[in-house]
Amino acid sequence: MELSLQERIGALAARYPSKRAALMPALYAAQDANGGAVSEEDLREVAGLLGISPAQAFGVASFYTMFNTKPVGKYHLQVDTNLPATLAGAEDILQHLLDRLAIGIGQTTPDGLFTVSSAEDLAACGTCPVILVNDRYYESMTLDKVDTLIESLRNGQWPDWPAGGHFASECNILLRRRGQPNSAALQGYLADGGYNALAKALTMAPADVIEAVKTSNLRGRGGAGFPAGLKWGFVPKDSDKPVYLVCNADEGEPGTFKDRQILEFDPHLLLEGIAIAAYAIGAKTAFIYIRGEFAWIAHILNQAVDEARGANKLGHDILGRGFDLEVVVHRGAGSYVCGEETALIESIEGKRGHPRIRPPFPAQAGLWGCPTVVNNVETLACVPYIIQNGPEAFRRIGPNNNFGPKLFGVSGHVNRPGIFEYPMGTALATILDAAGGVKGKMKAVIVGGSSTPLLTPDEAKNLHLDYESCLKAGAMLGSGGIIVMNQTVSIPRVALRLMQFYAHESCGQCTPCREGSKAIVFLLRKLIEGRGTLQDLATIERLATTIKGLTLCPAGDAFAVPLGAMIKKFRPEFEALCA
C-alpha cells in the first residue's frame with residue numbers, strides 16, 4: 001500500500017536526529033506528489049509536520065534551485081550551459097530546443113507539457129551537451145537527438161540512450177569496476193575482494209586505522225589537498241557527543257565530474273571507505289550529501305546501502321565486531337556553495353546553505369554542534385586500498401607528498417572527453433593523450449576546475465599534475481577538472497560565462513561575493529557588447545583584487561583569482577573590446 005505524503009515525511013524525519021533535517025527530502029516528496037512544484041499550501045503542511053515555521057520552509061525552498069515554487073510543465077527540460085557545455089555546443093542545443101517549442105527560457109508550452117530552463121552545471125562535463133528532463137539525464141545530445149527526445153516525450157515515451165563518455169585507468173583502483181556488467185551490485189564487488197579491507201580494519205584499533213591513513217599521506221581529493229588522516233585525528237577523543245561522518249558528493253564546479261564515476265559505477269567502494277573511516281573516528285551515523293540532480297545515482301546508493309546492510313557490512317554489529325553504522329543518503333537541491341563543508345552541514349540540518357564562521361571547525365562543532373568529519377568521495381574511495389594493501393603500497397603510487405591514484409576529468413576541446421585514472425603527478429600531456437589529444441591548437445587550459453587559474457600552452461607544456469607542481473606553474477590541482485580551450489575561444493567570453501555561474505551561485509551571505517560578482521558580470525557584458533571602456537576593465541581588475549580573502553568561504557577567491565589570471569594573460573583580448 002502506497003504511503004501518504006504525511007506518512008512519507010514522517011518516515012523521512014525518523015532517519016535524522018532532528019526533524020528539521022528532513023526538510024529537503026520532505027520538500028522533494030511534496031514536489032513529486034504535486035506535479036513538480038511546491039505550493040504555499042505544501043510549504044505550510046511540510047512545516048507543520050516538521051515543527052518549523054512556514055517562513056523557515058519557504059526560506060529553504062526559495063534558496064535551492066531544484067525546488068520549484070511556481071508550476072512547471074510535465075517535462076522540465078534543463079540544459080547545462082556552463083563552460084564545458086558551451087565548448088561542446090550547448091548554446092546551439094538550447095536555442096534549437098527553444099525554437100522547436102516556440103517558447104523562451106523559463107517558459108512553458110501552452111499545452112503544459114514542456115518547460116525549458118538553463119542550468120549552471122550538471123557535472124556531465126565529459127558528456128556535454130546534456131539535458132536534464134525532470135530527474136533524468138540525456139547526455140551527448142545533438143540537434144537530431146533533441147528532436148527525437150521531444151517527439152518521444154510528446155508520445156509519453158522516455159528514450160533509453162546510453163550516456164556515452166570515455167574512461168581509462170592506469171592504476172585500476174578507483175575505476176577498477178567501471179565498465180563491468182552490473183558494476184554497482186554487491187555480488188560483483190564481493191567477488192572482487194570487496195569489504196575485505198573493512199573486515200581487516202575492524203580487527204585493528206581505531207587509532208591504528210587513523211595512523212595507517214596518516215602514514216599513507218592520503219591528501220583530500222576535493223580540492224584543498226588536506227591530509228585525510230590528520231583531519232580524522234582532530235576529532236576530540238573525550239567528547240560525550242555523537243560523532244558524524246559526512247561524505248561530500250556535491251560536485252558542482254564546472255569541469256568536475258569525477259566523483260560521479262564512483263557513485264554511479266562502484267558505490268560499494270565508497271561505502272566500504274565510509275565504514276572504515278566511521279570506525280576510525282567513532283561515528284555511528286554517516287551522511288552522503290549527493291547533489292540533487294543525481295536523483296538516479298541517489299537511488300543506486302540507497303540500493304547499495306540496503307544490500308550492504310543485508311549482508312551485515314552496514315547496520316548493527318557489523319561483521320560481529322560490535323561496530324554499528326547507519327548511512328543516510330541526503331540529496332542536495334542545487335547549490336554550488338554547499339560544496340563548502342560548513343554550508344553542506346547547514347544544508348543537512350535543513351537550512352539554507354550558508355557557510356559558517358570558523359573557528360570552530362567541524363571536527364569540534366559540526367552537525368548539530370557535534371564533532372564531524374567531512375571527506376570527499378574520491379578521498380574515501382582510496383581508503384580501502386590503503387587498509388587492504390598497507391600505506392606503503394599507496395605511497396608507491398605517485399611522487400613524494402602526492403601519493404596515490406587520481407581521477408582527472410577532461411572536457412572541452414579534446415577528441416575523447418572523459419575520466420582518466422592515473423597516478424598523482426602524471427604529466428598533463430599524458431592525460432591529454434589519453435583524451436585523444438586537443439582538437440585544433442590549444443589556446444588555454446584549466447587543470448583544477450573553474451575556480452583555478454588558467455594556463456597558457458607554454459605554462460602547461462611540461463606540467464605534472466600534483467599539488468606542488470601546479471602551484472609552481474601558477475595554477476592549482478584543485479579537483480583535477482581539466483578544461484581545454486582551442487584557438488576558436490574568446491577568453492573574455494569565457495570570463496563572462498564563468499562569472500555568470502559564480503554570480504548565480506553566490507549564496508548571498510557575503511557582500512563582496514554577492515554584489516561584486518554581479519558588478520563584474522555587468523562590466524564584462526558591457527565589454528563584450530562593445531560598450532565598455534578601459535576604465536571598466538580597470539574596475540573589474542580592482543574588484544577581483546579587492547574581493548580576494550574577504551568572504552566566509554572560498555567562493556569569492558574562486559572567481560576573483562581565475563578572472564585576474566585571464567586578464568593578466570590575455571589582456572590584449574580584453575583591451576580590444578574597449579571603446
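This is a predicted model: local features need pLDDT of at least 70, side-chain atom pairs count only at pLDDT 80 or more; totals for chains, interfaces and linings use all residues.
Start by selecting residues 555-569, which form helix α24: 15 residues, reaching 22 Å from the first C-alpha to the last, close to the 21 Å expected at 1.5 Å a residue. That expected span is 1.5 Å times one less than the number of residues. Helices here are DSSP runs of H or I with at least four residues, strands are E runs of at least two, and both are numbered from the N terminus.

Residues are numbered from 1 along each chain as its sequence is written, and side-chain values use heavy atoms, with hydrogens and water left out.

**Stop 1: around α24.** Show the side chains of α24; the buried ones include Phe559, Leu563, Met566 and Ile567. Buried means under 20% relative accessible area, exposed over 50%, and partly exposed in between (1.4 Å probe, protein chains only).

**Stop 2: α21 against α24.** Hide the rest and keep this pair. Their axes come within 11 Å and cross at roughly 175°. Axes are lines fitted to C-alpha atoms, for helices over the stretch in contact, with angles from 0 to 180 degrees between N-to-C directions. So α21 is roughly antiparallel to α24, a label for angles over 145 degrees. On the α21 side, pick Ile491, Val494, Ala495, Leu498, Met499 and Tyr502; on the α24 side, pick Ala558, Phe559, Leu563 and Met566. Contact means heavy atoms within 4.5 Å.

**Stop 3: the sheet.** Next, colour the open five-stranded sheet, with order β5-β11-β10-β13-β12 and mixed pairing. Its edge strands, β5 (166-169) and β12 (442-446), each pair on one side only. From one strand to the next, the twist averages 20°. Two strands pair if DSSP finds at least two bridges between them. Zoom in on β10 (residues 405-412) and β13 (residues 481-486): they run parallel, joined by four bridges. Gly409 has Gly481 of β13 as its bridge partner.

**Stop 4: Gly332.** Finish in the loop between β8 (326-331) and α15 (341-348), where you'll find Gly332. Is Gly332 buried or exposed? Gly332 counts as buried because its relative accessibility is 0%. Beyond neighbours within four places in sequence, select its contacts: Met24, Tyr28, Tyr289, Ile290, Arg291 and Gly292. Met24 is 308 residues from Gly332 in sequence, but their C-alpha atoms are 7.6 Å apart in space.

Methods:
Angles under 35 degrees count as roughly parallel, over 145 as roughly antiparallel, 65 to 115 as roughly perpendicular and the rest as oblique.
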